[in-house]
Amino acid sequence: MKQLSLMIDLSRCIGCKTCIVACRNFHGLVDYEAALPNEIPFYLRVESKREGVYPEISVNSWVVPCQHCKNALCVKACKSDAITKDPDTGIVRINKEKCSGEKDCIEACPYGVIQFNKQENYAHKCDLCFDLIHAGGTPVCVETCMTDAISFGEKQTLRQQAKDEGKEILKKMSAQSILYVHN
Amino acid sequence: MKKNGWIPTVCYQCKAECAIMVRVEDGCIKEVRGNPKARGKACVKGMAGISLEYNKDRLTQPLKRIGKRGEGKFKPVSWDEALEIITDKLKALKDRGEAHKLTASFFPHSITDPKWRFLNAYGGFINTALPHCDSAKIISCIKTMGGVPNHHIPPAWYTVPKDGIMILAGRHAFGGLDDASVPVHILDAKERGAKLVVIDPIFTADAAKADWWIPIKPAGDTAFFLGMIHHIITNNLYNKKFVDNWVREGDFDKLKNYIEDKTPKAMSKICDVPAADIKKLATECAKAPSVGVDSFKGIMLGQALDFGHAWTIFLAVTGNIDNPGGQPLPDLTPMASVEPVPAGPDLYELGWHRTGKDKDSFSNYSFIMEPTWYQAQAIKNGDLKVLINSEANPALTEMGQKEWCDAVCMAGDNDEYKLELLVSYEIMLSETSKYADLVLPDKSYFERWELLYMPWFYNFETGILLRQPVVEAPGECRHSNNVFIELGKRLVPEYFTFKDDLEYYDIQLAGLGLSVKKLQDMGGLWSTRTMGFRKYEQSGGFGTPSGKLHLYWEDLEGVNQAMPRSGLAQEYEVDIDKYPFVLISYRTIFHSGAGQWTHNNPQLRDTVSGFFDNPALINKSVATKLNIKDGDNITITSRTGQIKCKAKLTERIRPDCIGLAHGFGSTVGTTATIGQGVNDNILIPDAGSTLNWQDLVGGESHVSTRVRIEK
């Protein structure tokens with residue numbers, strides 16, 4: 001199986017959202033002069049789980065990019081064949097040229113990660129920085145993570161890395177191609 | 001010439017000033033990164049700096065007030081006219097022997113910041129939030145160690161050994177960053193086997209990663225540390241060799257006598273932490289290879305000087321000074337001075353916090369600069385006549401800010417305001433600008449030169465950073481440093497014989513065999529790459545008069561503070577029935593103070609990538625008793641103010657506290673006014689009205705007060 005992946009370590013993520021803004025900058029998602037809060041597209045978001053009762057409490061945070069699903073519902077939902085799962089990398093990509101702006105993919109995506117450009121009528125999302133990684137780089141979220149909580153690589157290698165470092169893979173969260181781990 | 005490529009420079013989205021790389025394409029900023037040759041990290045504010053740079057609210061020309069102060073009505077004026085108004089006023093002030101009644105409020109980016117040089121040469125005062133944030137720690141360290149660590153000099157977390165202990169006592173280290181690399185250094189140390197302990201009434205982002213969260217009562221830190229000191233000494237767990245060699249003769253015995261009744265059990269009653277926990281942490285700290293303590297909010301939630309004192313004693317008895325994982329004592333970078341060096345006015349004789357009716361009372365507690373929080377008092381007293389705010393927003397940041405707004409609008413003689421000239425120097429209009437007579441458009445940190453060196457160990461090391469323009473400034477923006485140099489040439493030319501800021505920096509850099517050009521070619525940073533450990537061994541002692549650590553402060557015998565007092569801040573001890581909660585403000589990584597840079601920044605107010613609102617955090621069990629539900633509108637009332645806001649029910653705060661994120665409530669700016677939120681400072685009493693509770697005893701509870709809540 002060829003599948004590129006991100007490994008997100010809940011023991012290190014502090015929910016600082018640095019990756020979200022760095023990703024937006026790199027992918028040109030912000031119209032800096034006109035942007036208003038709560039209207040700016042994003043390819044990642046932070047989620048967190050708060051448990052316990054004062055004073056025995058815990059808070060865990062993690063980021064949610066496109067999960068690059070094994071059998072991606074967005075691929076099936078798209079009537080224009082604009083979305084494909086790249087056989088060489090396992091990355092789910094949207095072809096902007098083919099996208100007809102029907103938003104079926106947005107409806108179908110169980111992770112709510114697909115964005116829509118109203119002005120130019122197309123859907124877009126995280127592509128694991130497709131061009132950048134093919135040129136030897138690492139995805140921007142990985143490069144800019146303030147706490148080194150995100151790793152990039154082949155899913156099998158990342159799994160091995162987690163095992164070697166004594167990190168537990170959170171199976172339920174890691175149902176698709178992105179791995180979530182903790183100490 | 002338009003630049004292209006990755007350019008090294010320095011962020012200024014907050015006071016940490018991290019070394020960054022900026023990618024520029026055809027004269028436009030596209031990306032920001034941490035500089036891998038420095039600490040390598042930039043935070044979300046740094047990344048969102050591009051939204052600040054191209055913000056449509058940027059000021060591009062000087063403005064002159066046409067309405068009353070506070071109305072925010074202006075007309076454009078030329079730089080020539082603006083500078084003439086300032087020059088004429090300052091000349092008149094100096095001619096009447098009142099140069100010391102000029103204060104400029106700004107964050108000094110280096111010890112020789114040109115703005116500071118101007119003030120020293122002219123005879124006015126610098127006024128920063130620095131005393132507000134750091135006085136107690138600085139004064140405590142000067143008294144005990146003869147050094148000047150402040151909140152930018154936390155333990156060097158990357159030096160913490162396996163099994164070392166990291167204590168954050170009221171320090172939101174993942175929110176108010178000393179450097180963007182602090183979180184990763186703390187997490188790496190944890191992975192090496194070090195332990196993170198967070199002592200805080202609020203469960204912060206740091207607490208979420210801590211091995212142990214201790215939800216202490218606000219201002220209980222001194223009692224907590226005294227309890228630990230008692231346990232360590234009475235159980236012979238102290239570092240005997242270090243104490244024998246480095247504590248001044250007699251001081252340890254005085255300490256032993258003093259802490260006799262400061263048992264963990266007795267201290268537990270004050271700080272509301274179980275005695276067993278005080279003993280447990282004390283034992284662990286005594287046995288650990290290192291203990292590093294950082295505090296910030298802790299010292300502002302009460303008896304700051306007492307806590308600073310207890311903190312330094314704790315470091316001394318455990319031998320954690322200038323050691324790996326302990327408290328660093330950094331050296332200054334050996335820059336060349338620019339002759340002639342202006343002496344500056346005498347703070348003790350002329351400083352406005354000492355000129356009012358409380359002049360004599362202040363002798364026990366020495367601020368190292370003018371504290372921001374007496375601006376209103378100083379204006380009322382007639383001791384502050386010209387105020388120039390640069391990158392400062394006192395109308396929103398000042399505790400008792402209504403007092404400030406009222407004071408700057410007070411009528412004086414001859415149809416003038418009592419404060420004769422108020423200048424706001426900013427990149428965007430702010431709350432403070434609304435009151436200003438002149439609003440001057442500054443260059444952003446992407447557009448200006450600046451030589452950065454301070455004894456802020458974490459970001460600069462023992463070294464320097466060069467901020468350089470990566471893009472051109474819009475309109476008529478001028479960097480405040482160059483305007484102050486211009487004012488210097490007009491008013492005190494003997495101190496401003498150099499051509500401009502670059503020549504000024506060249507003279508200083510010559511001390512290191514460098515120039516701006518050479519530093520630029522080197523990548524904009526220079527560091528000795530060493531902090532050095534136990535330097536007191538080589539230099540023959542500490543910077544105190546005896547060369548040893550002074551645990552006993554005989555100069556404060558008369559006010560009963562020769563040893564740290566264990567009680568809570570006085571203002572927490574009164575009116576408990578009427579105001580049952582303690583309001584505490586907290587910091588997140590998304591915002592820096594009350595500055596428009598972050599609060600009027602769409603990416604930092606966006607709910608996905610920032611922090612939109614600041615509802616009041618209320619413990620769920622308390623809210624249930626008061627029939628308050630999540631999202632309910634509530635009223636918070638203090639002795640001096642009232643605000644209305646939404647309630648957020650949480651388990652992450654002590655039941656006797658209410659939490660509010662600091663810095664919100666701006667009514668200026670496209671984004672800031674869309675974002676919701678309330679200003680916590682409305683609830684905080686003006687410092688001048690509660691001197692006996694605060695500054696006259698070395699307390700700094702300026703970010704908190706007692707409150708009640710109603711639905």
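1. Between chain A and chain B there are 18 residue pairs in polar contact, with both partners at pLDDT 80 or more. A polar contact here is a pair of N or O atoms within 3.5 Å; within protein, one must be able to donate a hydrogen and the other to accept it, and residues adjacent in sequence count only if both atoms are side-chain atoms. On the chain A side, helix H1 (18–26), strand S2 (45–53), strand S3 (56–64) and helix H5 (140–144) each supply at least two of the residues that touch chain B. H1(A) gives the largest share, seven residues. Helices (H or I, at least four residues) and strands (E, at least two) are DSSP runs, numbered from the N terminus.

2. A word on the basis of all this. The model is predicted: local features need pLDDT of at least 70, side-chain atom pairs count only at pLDDT 80 or more, and totals for chains, interfaces and linings use all residues. Residues are numbered from 1 along each chain as its sequence is written, chains are lettered from A and ligands numbered from 1 in the order in which they are written, and side-chain values use heavy atoms, with hydrogens and water left out.

3. How many residues does each chain bring to the contact? Chain A brings 45 and chain B 47, where contact means heavy atoms within 4.5 Å. The two chains bury about 3700 Å² between them, 59% of it on carbon and sulfur atoms; buried area is the accessible area (1.4 Å probe) that two parts lose on being put together, summed over both. A:Tyr32, A:Tyr54 and A:Met146 supply 20% of the area that chain A buries against chain B, more than any other three residues.

4. Charge also features between the chains, with six salt bridges counted. The rule asks for a side-chain nitrogen of Lys or Arg within 4 Å of a carboxyl oxygen of Asp or Glu. One to look up is A:Arg24 with B:Asp606, at 3.2 Å from N to O.

5. Among the buried ones are A:Cys19, A:Cys23 and A:Arg24. Just after H1(A), A:Gly28 has a positive phi of about 65 degrees.

6. Chain B is assigned domain 1 (63–128 + 344–527), domain 2 (134–324 + 548–554) and domain 3 (570–710); the bounds come from an automatic or database domain assignment. The C-alpha centres of domain 1 and domain 3 of chain B lie 29 Å apart, and the contact takes 25 residues from each of these two domains.

7. What do domain 1 and domain 3 of chain B bury between them? The area is about 2200 Å², 59% of it on carbon and sulfur atoms. The count of salt bridges between these two domains is zero, while six residue pairs are in polar contact (both at pLDDT 80 or more).

8. Finally, B:Arg69 sits in the loop between strand S4 (63–65) and strand S5 (74–76) of chain B. B:Arg69 is buried, with a relative accessible area of 5%. A polar atom of the B:Arg69 side chain lies 2.8 Å from the backbone oxygen of B:Leu419. Leaving aside neighbours within four places in sequence, the contacts of B:Arg69 include B:Tyr417, B:Glu420 and B:Asp437.

Key
Buried means under 20% relative accessible area, exposed over 50%, partly exposed in between (1.4 Å probe, protein chains only).
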